[in-house]
Amino acid sequence: MASVLIIGAGGVGRVVAHKCVQNRDTFDKISLASRTLSKCEQIQNEVGKENIDIYQVDADKVDELVKLIEKVKPDVVINVALPYQDLTIMEACLQTGVDYLDTANYEHPDTAKFEYKEQWAYHDKYKEKGIMGLLGSGFDPGVTNVFCAYADQYLFDTIEYIDILDCNAGDHGYPFATNFNPEINLREVSAKGRYWENGKWIETEPMEIKMVWDYPEIGPRDSYLLYHEELESLSKNIKGLKRIRFFMTFSESYLTHMKCLENVGMLRIDEVDFNGCKIVPIQFLKALLPDPASLGPRTKGKTNIGCVIEGVKDGKRKKVYIYNVSDHEKCYQETKAQAVSYTTGVPAVIGAKLMVENIWKKPGVWNMEQFDAKPFMDELNKQGLPWVIKELEV
Ligand SMILES: NC(=O)c1ccc[n+]([C@@H]2O[C@H](COP(=O)([O-])OP(=O)(O)OC[C@H]3O[C@@H](n4cnc5c(N)ncnc54)[C@H](OP(=O)(O)O)[C@@H]3O)[C@@H](O)[C@H]2O)c1
């Protein structure tokens, strides 16, 4: 039995709280902390006061986090605040000797670029302290890394090509909204594309490479090449790999809105002067757009996220497609959050469960594919994210 501290009471935090409560045989003490206490209260009311304790914390401040961790005494901290808080929360876990898990790569608020360098730099310090950090335990990154690891460990002798394919075919009825934090989402989508081939990174213009992929249970969708954080760790950890790419679906309407917002300067992340006030346009835009948490009750349709993996098994070429399909409405019925939050929150809880049960446990800072994929794959089926493996023609 373990004590878990969840930091961040947004869409993903809500799912993590609901799922931890569903796993009371693993987590006998559940605490939730966030910047705005009223958001924690809302979640507490949903899951029952007797199931969860709530706290206010500014996760940008290491000293506040240390005090909170010393008070709550968790075995593991699940960070589902924003990527900007990764380093402060990792530091607080180091100072207090507590295991750490997150779902998104550290990003500096002033630079729209994410990479693992600063989080990997904690590896030796975590190892010395005897604690573990698990990075990127969401869906992508997260489950996509586990799908690749499972293929590498159980299905192939060598993997040569991986395409990660992320389709959200949900419809929320608004002309324009983002399914998770708008600032993080728009920074990611408006950035240049990048993929890894033969040991080198190849950069593309934003949305330059497009293909149409036929997603099971959804149908054909325009899919655009983006840089995504799991490419950095998988290109290092899957030996023999020749190429890895990431594609995400976007509708014409979404891309036209985004281009227009970008052209008028609304995606800028630097401060501008407005009537004597300093504002950051993308943060102002976030205040105008629907709160992703409010999309839950209105979103219909499905998500399909998976990996197409090609390589060699017993001297023969082989290609498999491993994917999960989630239904927005079903996710909402279960956790009061739509599928994008659900598919992120459930793997975070699975990661934490495997850590506290000592199934995934080694001191240091690790990515998901550095562990045996089998127990995680088994838990996905049990915890609401079942997967399918299809053999494709090579
Ligand atoms: N790997 C994946 O598959 C995947 C997919 C989607 C999202 N994600 C990641 O999941 C995380 C959560 O996403 P989300 O959609 O739940 O975002 P969200 O709805 O914006 O929630 C973030 C929460 O963190 C809180 N927070 C922000 N700054 C804080 C601070 N300094 N101190 C304490 N709390 C703070 C926010 O508080 P306020 O309410 O006060 O603003 C909010 O409640 C993000 O890191 C996102 O990148 C990962």
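Which residue has an N or O atom in its side chain that is 3.2 Å from a nitrogen atom of the ligand? In this predicted model, where local features need pLDDT of at least 70, side-chain atom pairs count only at pLDDT 80 or more and totals for chains, interfaces and linings use all residues, the residue is D60. Residues are numbered from 1 along each chain as its sequence is written, and side-chain values use heavy atoms, with hydrogens and water left out.

| Residue and part | Ligand atom | Distance |
|---|---|---|
| D60, side chain N or O | nitrogen | 3.2 Å |
| A9, backbone N or O | oxygen | 3.3 Å |
| D140, polar backbone atom | oxygen | 3.0 Å |

Of the 930 Å² of accessible area (Shrake-Rupley method, 1.4 Å probe) that the ligand has on its own, the protein covers 93%. The ligand is surrounded by 28 residues, the closest being R35, T36, K39, A59 and T103, where a residue is near if one of its heavy atoms lies within 4 Å. This shell divides into 13 nonpolar, ten polar and five charged residues, with Gly counted as polar.

S3 counts as buried (under 20% relative accessible area) because its relative accessibility is 6%. A polar atom of the S3 side chain lies 3.5 Å from the backbone oxygen of K73; beyond its neighbours within four places in sequence, S3 is in contact (heavy atoms within 4.5 Å) with D28, K29, V72, K73, P74, D75 and V76.

How values were computed:
A polar contact is a pair of N or O atoms within 3.5 Å; within protein, one must be able to donate a hydrogen and the other to accept it, and residues adjacent in sequence count only if both atoms are side-chain atoms. Buried means under 20% relative accessible area, exposed over 50%, partly exposed in between (1.4 Å probe, protein chains only).
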